Amino acid sequence: MNFSKGMKWITGIAEAFLAIPIIGGAFIVSSGYSVLTTMFILHAVTLILSIRDHQGKGAPILGLVTSIVSIIPFVGWFMHGITAIALFFSALTSSSKTS
């Protein structure tokens, strides 16, 4: 498994946790929204690794957008769910060979 695929799994799991309706929202609010900054950085690292490994870049870009718009409560919940699905799908369909 290459690093970009591993990071897609890690960020996908984190996004899925943040998409849990009450628990994810409470975690974001209790952290003072700093978890969204952390997720932005993780998605940026995932994007850089995906570019390096010639993998799909759509899901990490969607994660960057999600980290920004997640300040809006219900929009954030929806976007976390969509991003988690996109990251899981991207990790499943990405090839494991690097160029």
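**The largest pocket**

Reply: The largest pocket holds about 270 Å³ of space. A pocket here is an open set of points on a 1 Å grid over the protein atoms alone, where a 1.4 Å probe fits, with protein on both sides within 12 Å along at least five of seven lines. Its volume is the space filled by probe spheres set on the points, which are joined across faces, edges and corners. This is a predicted model, in which local features need pLDDT of at least 70 and side-chain atom pairs pLDDT 80 or more, while totals for chains, interfaces and linings use all residues. Residues are numbered from 1 along each chain, and side-chain values use heavy atoms, without hydrogens or water.

The lining of this pocket has 16 residues, and P21, G25, P73, F74 and W77 lie nearest the centre. Lining residues have an atom within 4 Å of a point. Helices α2 (21-30) and α5 (73-93) each give two or more residues to the lining; helices are DSSP runs (H or I, at least four residues), numbered from the N terminus. By type, the lining has 11 nonpolar residues, 5 polar and no charged.

F17 sits in helix α1 (residues 3-18) and counts as partly exposed because its relative accessibility is 35%, between the limits for buried (under 20%) and exposed (over 50%). R52, in helix α3 (residues 34-52), is also partly exposed, at 46%.

Key
Nonpolar A, V, L, I, M, F, W, Y, C, P; charged D, E, K, R; others polar. Buried < 20%, exposed > 50% of the residue type's maximum accessible area, 1.4 Å probe, protein only.
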